[in-house]
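Dear colleague,

I am handing over the structure below, and my notes on what was found in it follow directly after.

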Amino acid sequence: HAAKVGKTSLIMSLVSEEFPDEVPLRAEEITIPADVTPERVPTHIVDYSEAEQSDEQLYQEISKVMLILCFVYAVIPVTSHWIPLINDRTDKDSRVPLILVGNKSDLVEHSSMETILPIMNQYQDIETCVECSAKNLKNISELFYYAQKAVLHPTGPLYCPEEKELKPSCIKSLTRIFKVSDLDNDGVLNDNELNFFQRTCFNTPLAPQALEDVKNVVKRNMSDGVKDNGLTLKGFLFLHTLFIQRGRHETTWTVLRRFGYDDDLELTQEYLFPLLKIPPDCTTELNHNAYLFLQSVFDKHDKDRDCALSPEEVKDLFKVFPYMPWGPDVNNTVCTNDQGWINVSGVPLPVDVSVTRLLTTYLDVQRSLEYLGYLGYSIICEQESQAAAITVTRNKRIDLQKKQTQRSVFRCNVLGARGSGEEWVPPGLPGRIREDHKSFYAISTTYVYGQEKYLISTSSRRRTSPVDVVCLVYDVNNPRSFEYAAKVYKQYFIDSKTPCVVIAAKSDLHEVRQHYSLSPHEFCRKHKLHPPQPFTCNTTEAPSKDIYTRLTTMAMYPHTRLRCMCACNRCTYCLCQNLLKLELLRSIKAQLRRVAVGGCLLSEEDVSLRQQVSAVPNVEGSIYMEASAEQLIPQQRHMAQADLKNSTFWLRASVGATVFAVLGFAMYRALLKQR
């Protein structure tokens, strides 16, 4: 700055709160602490003197500062020297704001604002102009307050003085904020939404009269600013234009920064990608609150209430995104209706990501955090960040030790020779995948013991990828198809704890003999696998989802044989079935029948012998009696009493065994749940 304009005196008067008797050529660098400034930010003041410093030092300081105060003594040096010099030494895309300062106002009787205002209108980088006096301490505190304000709340990114309207980047940012705040997506902010917006940004609601005053101001200036007693997007933008024109830039900047924007009106990395620590061998899932939020987003944009999002509704949903996040293959990844539109089951997609980042970015937890940030999760749910939407599950090894898992999402890798049908097995939309839009992943909702779980299937060729269950697929109509599945199992999974299932794909076709040393059934029996499970997509009806439930069950309980799907005589299910078929239970049933028949004989003595004998073969077989009724009735009574005594023993034994089995099973379930 030019000499003798009073800049050093101004700095010293600010610090000492009195005019200095002796003024040095240049003041020392001063830092004003945050607790004594209105904006609660520290301020570093650097003085410059042409007598002590070179032009090179001046250029270095200009490149480092965030604000420049130009002291005006004569108008010509400002416009012809200082402003061009500053503009030449700063980047065009990151110009520093300027404040014109008219010092020594105590020496003049009239204001110089009429001379300065045309300069402000000519140069967009000039934030404001202030007249002050270091000698009289006039407007000194206000000057540095405006200096802080110009740095923290600059006008340049928001408003164009020549056009007297908001800049396009500002309109774009405020439009996103409006759409996020429009909770019912009806195009207006009603009183509840305005109060929520006010409380979110300024921590205080608006009084009813204040709300009416705001809407009345908009009504007087815009005919379409208020609709159905709510604020429209045009009215919302007009309010912020009015704030800026009246010098209340901080109001608009407070709103922008609350919704994650930086000084360049870009969403910050801290907002989009909050810190989330994921220990090794752990996974991440969306928690219940995140599911409810995504459900509300779906309902908000399902305007026709058909429980599906049409292409137009999907576009409306993604207007808060800077780009279209979904490609054409997304419809083959989630649930859709008959028209191929995403239905209510397809939106709350669970996010399951390994820390090794072996999956694509579609399942990347960082991408999920980014999407939730665009949708305004932390704003709507009043959370510190969208990291609150993510649950980090415990280490899988602990799940195996505890023999219980808290996870809701599991991964299945589908492997098979090319053409065997492995690309059709993932349960997103079996049988409806288009060749040009094949998805590498598919998500299916299953229910295991009444609990909702999700199975993410992928046909990845990376056989060593960490998964929860493996599908080995072969084509029943191709004699060389099973050989590939068998080799993959023996090479990668024979000694692995990962459960495996063999799928006999294209089961609607004729099954041929496989060119392998063992048949698929013999191979599964030898390696203690379940028999091949038939599967086909070539049906008029939707393919059965039983296989996906079984796969999810196996992924949930890899430590136990409860996942058995056949009569293998090894799992609990098969053991229970065999118990029911034991000769002991059969004999108990027979004895109970005899007791019932004996009771009938004792109570119907007056019935003829032929009628009694004809009832007995229906229970115990063909029994023929030739004697008369008088001779046989005592003998029959003796047999019934003996049978009754014998049956009482077996009845007690069966009741005891049943009670023991029920108690044992209840204790097993209780211990399993506790673990």
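Helix H17 (residues 481-493) has 13 residues and spans 18 Å from its first C-alpha to its last, close to the 18 Å expected at 1.5 Å a residue, where the expected span is 1.5 Å times one less than the number of residues, and helices are DSSP runs of H or I with at least four residues, strands runs of E with at least two, both numbered from the N terminus. Ser 481, Phe 482, Ala 485, Ala 486, Val 488, Tyr 489 and Phe 493 are buried in H17 (under 20% relative accessible area, with a 1.4 Å probe and protein chains only). These residues cover an arc of only 160° around the axis, which puts them on the same side of H17; the arc is that of the directions from the helix axis to the C-beta atoms. The buried residues of H17 pack against strands E16 (409-416), E19 (469-475) and E20 (500-505) and helix H18 (520-526), a contact being heavy atoms within 4.5 Å.

Please note that this is a predicted model, in which local features need pLDDT of at least 70 and side-chain atom pairs count only at pLDDT 80 or more, while totals for chains, interfaces and linings use all residues. Residues are numbered from 1 along each chain as its sequence is written, and side-chain values use heavy atoms, with hydrogens and water left out.

In helix H19 (residues 546-556) one finds Thr 552, which is buried with a relative accessible area of 0%. Leaving aside residues up to four places away in sequence, Thr 552 touches Phe 410, Thr 446, Val 448, Lys 453 and Leu 455.

Strand E4 (residues 98-102) is mostly covered, with five of its five residues buried.

Best regards

Terms used
Buried means under 20% relative accessible area, exposed over 50%, partly exposed in between (1.4 Å probe, protein chains only).
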